Amino acid sequence: MKVYMDNGATTRVTEPVMEAMRPYFCEIYGNPSSVHGFGRESRRAVEAARAQVAQALGAEPGEIYFTGCGTESDNWALRGVAYANRDKGRHIITTGFEHHAVLHTCAQLEKEGFEVTYLPVDADGLVSPEQLAAAIRPDTVLVSIMYANNEIGTVQPIADLAAVAKEKGVLFHTDAVQAVGHVPIDVKAQNIDLLSLSGHKFHAPKGVGALYIRRGVKIQRLMQGGAQERTQRPGTENLAGIVGLGRAIELATADIPAHQAKVGAIRDHIIRRIMDEIPYTKLNGHPTKRTCGNVNVSFRFIEGESLLLHLDIKGIAASSGSACTSGSLDPSHVLLAIGLPHEIAHGSLRLSLSDENTMEEADYVVDNLVEIVARLREMSPLYDDFLKGVETEGSCESCHLH
Amino acid sequence: MEYTEQVMDHFMNPRNMGEMEDPSGVGTVGNAKCGDIMRIYIKVENDVITDVKFKTFGCGAAIATSSKATELVKGLTLEEAEKITNKMVMESLGGLPPVKIHCSVLAEEALHAAIQDYRQRLANGEPPRTEEGDEDVRYV
């Protein structure tokens with residue numbers, strides 16, 4: 001059996017999305033900027049997709065800008081707003097557990113003379129509106145808080161956070177890459193000024209994203225070139241990708257409550273079984289305020305990469321926040337931000353579901369997990385020592401970073 | 001990142017995995033904080049490693065290199081075993097991805113720590129270890 005439960009990493013392009021895109025490779029290929037009929041047909045497709053994205057977010061089509069990916073959208077929102085509002089102030093507020101697309105952009109801005117405040121999150125991964133209010137200063141120009149966390153799925157009270165920013169006259173950006181299609185979004189009702197999204201997280205192809213920029217927001221473009229995207233994002237449009245993104249977001253947001261009910265039931269089944277059948281396990285993220293497809297657990301005494309390798313052999317695709325899967329010596333910054341000790345963060349597992357996963361797959365995954373975790377614990381000196389009541393300590397001469 | 005077939009074989013079918021009753025020496029290295037801990041038990045008779053066992057908390061490379069290291073030293077004299085390096089372990093597994101090289105260092109360290117433990121106990125005239133004596137284990 002093959003089971004794909006890594007939809008937080010990327011999703012399959014579904015057939016209706018592929019069908020929508022298909023004509024835009026060999027048949028309709030004009031440059032949307034061209035004057036001729038070939039170009040005009042492509043232009044119409046781009047604008048139809050723009051309307052689909054706007055509709056899904058409660059925005060105006062003129063407020064949607066297509067980009068190459070979620071990372072580009074995040075970079076543009078942060079740097080674009082920071083540069084364009086330099087005269088007002090140089091202070092930005094975000095959280096310590098954002099995606100690297102935001103965190104590394106903030107680090108770059110700090111090098112360029114901006115100041116960044118990183119708000120803490122609580123043990124469930126929630127940001128408090130009171131703490132945000134207290135952090136806003138007269139020179140704050142932008143608040144950027146992710147809508148739903150990519151690793152632990154925690155969904156922020158975005159409307160409350162954005163209301164705080166609005167009251168203080170500060171722009172509010174949200175990285176909604178993991179939220180679109182899983183929670184209802186209405187940028188107007190929620191007072192969101194900028195929102196980043198990425199197509200491949202909801203069954204569009206890789207290589208296309210979008211940034212919503214509320215009309216009137218002062219932002220600088222990052223690239224120089226042609227007049228595409230109302231001169232704000234030069235570069236010939238990824239025509240087929242944009243068409244796919246439009247169709248995919250339409251499908252993903254058509255009936256979010258039904259999606260939440262269906263996928264949420266499988267998620268809850270997996271969590272319940274894991275917590276019942278595998279001892280010394282911790283659920284990471286908020287118990288209820290989490291995306292419907294996110295399961296994140298830490299199994300004590302074992303390491304995540306070993307777990308992923310065993311799952312892979314059983315045909316199961318998942319991910320982990322262990323250091324060994326990130327190519328560094330530190331485990332996931334998200335898991336550390338919610339207060340997990342290093343050794344427990346190393347044993348984390350994320351299963352991220354889509355509409356296409358089934359209860360049968362869920363049971364197959366948990367059945368295998370029970371066996372694999374037991375097997376790895378049997379090999380683990382940590383588990384031995386725990387059972388004997390001995391504290392395991394060791395130094396690590398080969399480990400030069402700690 | 002791709003592991004060789006030999007690495008995956010040792011990962012899936014680890015050799016000499018488990019605990020040892022009355023080991024002559026035990027070496028534990030690594031740190032749970034870093035995500036890997038290796039413990040190697042050796043049984044020594046007439047300066048020859050007659051049996052070896054390991055337990056590892058760690059990634060695929062950590063488990064595979066522990067397994068391979070135990071396989072390499074079984075039957076060797078202590079002097080020969082002390083010459084086993086992480087490079088030899090790694091090469092006999094057909095190599096490791098660059099980010100995983102530090103895991104193979106642990107296997108070498110755990111083995112040498114176990115031998116050191118044995119020599120130390122011998123020098124102190126201590127009896128062989130027993131399972132119950134575990135709280136006595138020296139962590140290197």
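1. Just after helix H2 of chain B, B:Gly75 takes a positive phi of about 90°, in a model that is predicted rather than experimental. Helices (H or I, at least four residues) and strands (E, at least two) are here DSSP runs, numbered from the N terminus. The helix itself covers residues 60–73, 14 residues in number, and reaches 20 Å from its first C-alpha to its last, close to the 20 Å expected at 1.5 Å a residue, where the expected span is 1.5 Å times one less than the number of residues.

2. As to conventions, residues are numbered from 1 along each chain as its sequence is written, while chains are lettered from A and ligands numbered from 1 in the order in which they are written. Local features need pLDDT of at least 70 and side-chain atom pairs count only at pLDDT 80 or more, whereas totals for chains, interfaces and linings use all residues, and side-chain values use heavy atoms, with hydrogens and water left out.

3. Twelve of the 14 residues of H2(B) are buried, so this helix is largely enclosed by the rest of the structure; buried means under 20% relative accessible area, exposed over 50%, and partly exposed in between, with a 1.4 Å probe and protein chains only. The buried set includes B:Gly60, B:Ala61, B:Ala62, B:Ile63 and B:Ala64, and also B:Lys68 and B:Val73. By way of background, an α-helix has 3.6 residues a turn, so residues three or four places apart point the same way.

4. Two residues in the loop between strand S2 (36–45) and strand S3 (48–57) of chain B deserve a look, and B:Asn46 is one of the residues placed there. B:Asn46 has a positive phi of about 50° although it is not a glycine, and at 78% relative accessibility it counts as exposed. B:Asp47 is found in the loop between S2 and S3 as well; B:Asp47 has a positive phi of about 70°, again without being a glycine, and with a relative accessible area of 42% it is partly exposed.

5. Chain B as a whole has five helices and three strands, and from the N terminus on its elements run α-β-β-β-α-α-α-α. With 140 residues, a compact globule would have a radius of gyration near 14 Å, and chain B, at 14 Å, agrees with this; the radius is taken over C-alpha atoms, and the globule rule is 2.2 Å times the number of residues to the power 0.38. The C-alpha atoms fill a box of roughly 45 × 30 × 20 Å along the principal axes, and buried residues make up 53% of the 140 residues.

6. In chain B, among contacts between residues at least 6 apart in sequence, 61% join residues at least 24 apart, a contact being heavy atoms within 4.5 Å. The chain exposes about 5700 Å², of which carbon and sulfur atoms supply 49%; such areas come from the Shrake-Rupley method with a 1.4 Å probe, and for residues only the protein chains shown count as cover.

7. Chain A comes to 15 helices and twelve strands. For its 402 residues, a compact globule would have a radius of gyration near 21 Å, and the value of 22 Å for chain A agrees, while the C-alpha trace spans about 75 × 50 × 40 Å along its principal axes. Buried residues make up 59% of the chain, and its accessible surface comes to about 15900 Å², with 53% belonging to carbon and sulfur atoms.

8. Helix H8 of chain A (residues 239–252) has 14 residues and reaches 20 Å from first C-alpha to last, close to the 20 Å expected. Eleven of the 14 residues of H8(A) are buried, so the helix is largely enclosed by the rest of the structure; among them are A:Leu239, A:Ile242, A:Val243, A:Leu245 and A:Ile249.

9. Two loop positions of chain A may be checked by eye. A:Asn7 is in the loop between strand S1 (3–4) and helix H1 (15–21) and, at 8% relative accessibility, counts as buried; leaving aside neighbours within four places in sequence, A:Asn7 is in contact with A:Ser352, A:Leu353, A:Ser354 and A:Asn357.
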